[in-house]
Amino acid sequence: MENFKLSQNTTFYALGLSYKKADALIRGKFSLDPKAQTELLAQAKDEGIESLLVISTCNRTEIYGWASHPYELIKLLCSHTKGSVEEFQQSGYIYKNNEAVSHMFRVGTGLDSQILGDFEIISQIKTAFNHSKEKGLVNTFLERLVNTVIQASKKVKTETKISSGAASVSFASVQYIIQNVADVGNKNILLFGTGKIGRNTCVNLLKHTKNSHIALINRTKHKAELLARRLNVIVKDYRNLKEELQRTDVLVVATGAQSPTIDKTSLALHKPLLILDLSIPCNVDSDVEEIPGVTLIHLDHLSQIADDTLERRKQHIPSAEAIIEDLKSELNTWVNGRKSAPTIHALKAKLNDIVSAEFAFQKKKTINFDEVQMDLISSRIIQKLIGHFASHLKDENTSLDQSIEFIEKVFQIGQFVPGKSSSPIEEKYKIDLS
């Protein structure tokens, strides 16, 4: 596709870390809470970055934007997280231009999700986009790209079965509990944290375990009470957390805090306890495993649980990829149209100048020169010529950069410099179709 640039010195990048190469500990170091995301965007604005998108989930932290070198964006990320440049170099990834565009499409359509077909990420992309737009960090291209990715996500979800069946971190958590806890229907289950993952896990617990001993604890009790009324479960006070842990057989932690909320000192147990930590950064300190009978399971382990649902979903990957390619082609057409438009307008103006000059010459030499008739004829000829040039530039087999450069050189449009296009859009979006 294209090499998108805001100027001759900037390139479009997608960079970050994900579950594929970075474990939970590293992902936790590079996670960004809402406050850190806001501060990162503010710094980007101050540093003159024109357009930027930041995503931070339990499975990935990513930045999409323009820079003269990716290190500018890596440094920006590291300055607002606990991660270092060295750690990024070991576990991170960098895509540019077409690869960066393709990566966003795969992320937004669930093809790059830790559990294939999980579409939670698209709502997070929308939120990140709105956040960047509020800060004035969304240019025309990024807006078009995000909207096209959202469109692709909808089409993949509705026109394929890649999200069919139950498969998510919360569902995998419940399946693990069912498979590893005997007599699960009579066990005391405590859910600590009632965010989206916590809510979904609670729903799945009620649906698949038929357990009537599920309790909720949240720092903000009101949020837990709202969920409890809807699901008919018990709410416990946060200040009684240690006491409740003594009664618990299964603990699910999904608090979303930036440091552990459960550790060895929180427990002081003398009985078996299964703990599932569904948080990034990890919200359960690994020192709990020093307690006899305590088993700690993290979401990365849960995401590796293979079942028939995920195998069936894999069959629909080619259909999803075909939808992505169609919409990427539409995006490509739009970008090329924006790029070639200034050259077409300039060519039309040049041809009109040539005609005007010739008219002025002929009027001096020709008796009864019919200016109205000649103007009509010349306008039609110019329009037909412009149509041919426009069709050529729209042809997918056309080398757009070379064609624009040739037209500008032949017709002396702007200040042509060999090897460098002078098109205004070319200066803003450097595009290479090779």
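Which residues in H2 meet which residues in H3?

Modeller: Please keep in mind that this is a predicted model. Leu40, Gln43 and Ala44 are the residues of H2 that take part, and in H3 they meet Leu76, Leu77 and Ser79. Sorted by class, this contact of H2 with H3 holds four nonpolar residues and two polar ones, with no charged residues. To describe how two packed helices lie, one gives the angle between their axes and the distance between the axes. Here the axes of H2, residues 34-46, and H3, residues 70-79, come within 10 Å and cross at roughly 140 degrees. Because of that angle, H2 counts as oblique to H3. The crossing in which H2 passes H3 is right-handed.

Six strands, in the order E7-E6-E5-E8-E9-E10, form an open sheet with parallel pairing. Strand E7 (234-235) and strand E10 (294-298) stand at the edges with a single partner strand each, so one side of each is left without a neighbour in the sheet. E10 runs parallel to strand E9, residues 273-277, and five bridges join the two; Leu276, for instance, has Ile297 in E10 as its bridge partner. Helix H8, residues 169-180, packs on the sheet, where it touches strand E8 (250-253), E9 and E10, and the direction of H8 makes about 165 degrees with that of E9.

Technical notes
Residues numbered from 1 in each chain as written. Predicted model: local features only at pLDDT ≥ 70, side-chain atom pairs only at ≥ 80, totals over all residues. Heavy atoms only, no water. Axes fitted to C-alpha atoms, helices over the stretch in contact; angles between N-to-C directions. Helix = DSSP H or I, 4+ residues; strand = E, 2+ residues; numbered from the N terminus. Parallel < 35°, antiparallel > 145°, perpendicular 65-115°, else oblique. Left-handed = near helix turned anticlockwise from the far one by under 90°. Contact = heavy atoms within 4.5 Å. Nonpolar A, V, L, I, M, F, W, Y, C, P; charged D, E, K, R; others polar. Pairing = 2+ DSSP bridges.
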